[in-house]
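Welcome, and please take a look at the model below.

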Amino acid sequence: MLWAWDSLSAVTCCRSLVVVYDSSCVLQIGVAAESLLEAGDAMDVDVKKLLQGSLCRSAMESQKQSYLANLSLYLGKSELPFLPTNTQSVILQPIGDNGVAKIGGNTIRGFNNTDQAWITLIAEKLEATLSTS
């Protein structure tokens, strides 16, 4: 799964990646919000709460990528507390019927059309990988 992170962080403004599949957080990498419990540790992803949130539900039900180009304008940003406070943009990318990836960027409108298409292709590969595990 590290190949997905390496690909995204090398060619896009991606600085955070969280992959949830089959109701489990299977990858949390990059910059993360600090844990409220342990100084210096990353905040854990509350998968149940995340999957119940409107942003994630919408992306998974529609099976379409959701791009929040300027995260500060969305009330739903509170559904993503595990991302650092300076996250500027987010893509929620469904991974088949059983998962979703949250890609956090450090730039407002930082993901262009090519990046979005690339993320869709990466999600297809992740689905193929995770569905056989």
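Just after helix H3, Gln63 adopts a positive phi of about 55 degrees. Keep in mind that this is a predicted model.

**Helix H3**
- Leu55, Cys56 and Ala59 are buried in H3, which spans residues 54-62.
- These residues sit on the same side of H3, because they cover an arc of only 95 degrees around the axis.
- In an α-helix, residues three or four places apart point the same way, because there are 3.6 residues a turn.
- The partners that the buried residues of H3 pack against are helix H2 (47-52) and strands S3 (66-68), S4 and S5.

**The cavity lining**
- Leu8, Gln93, Ala101, Ile103, Ile119, Ile122, Ala123 and Leu126 line the largest cavity.
- Strand S5 (99-105) and helix H4 (113-131) each contribute at least two residues to this lining, and H4 gives the most, with 4 residues.
- Sorted by class, the lining holds 7 nonpolar residues, 1 polar residue and no charged ones.

**A closer look at Gln93**
- You will find Gln93 in strand S4, residues 89-95.
- Is Gln93 buried or exposed? Gln93 is buried, because its relative accessible area is 5%, and the cut-off for buried is under 20%.
- Leaving aside residues up to four places away in sequence, Gln93 touches Gln65, Gly99, Val100, Ala101, Ile103, Ile119, Thr120 and Ala123.

Note on methods: Residues numbered from 1 in each chain as written. Predicted model: local features only at pLDDT ≥ 70, side-chain atom pairs only at ≥ 80, totals over all residues. Heavy atoms only, no water. 1 Å grid on protein atoms, 1.4 Å probe; cavity = no way out; pocket = protein on both sides within 12 Å on 5 of 7 lines; lining within 4 Å. Nonpolar A, V, L, I, M, F, W, Y, C, P; charged D, E, K, R; others polar. Buried < 20%, exposed > 50% of the residue type's maximum accessible area, 1.4 Å probe, protein only. Contact = heavy atoms within 4.5 Å. Arc of directions from axis to C-beta.
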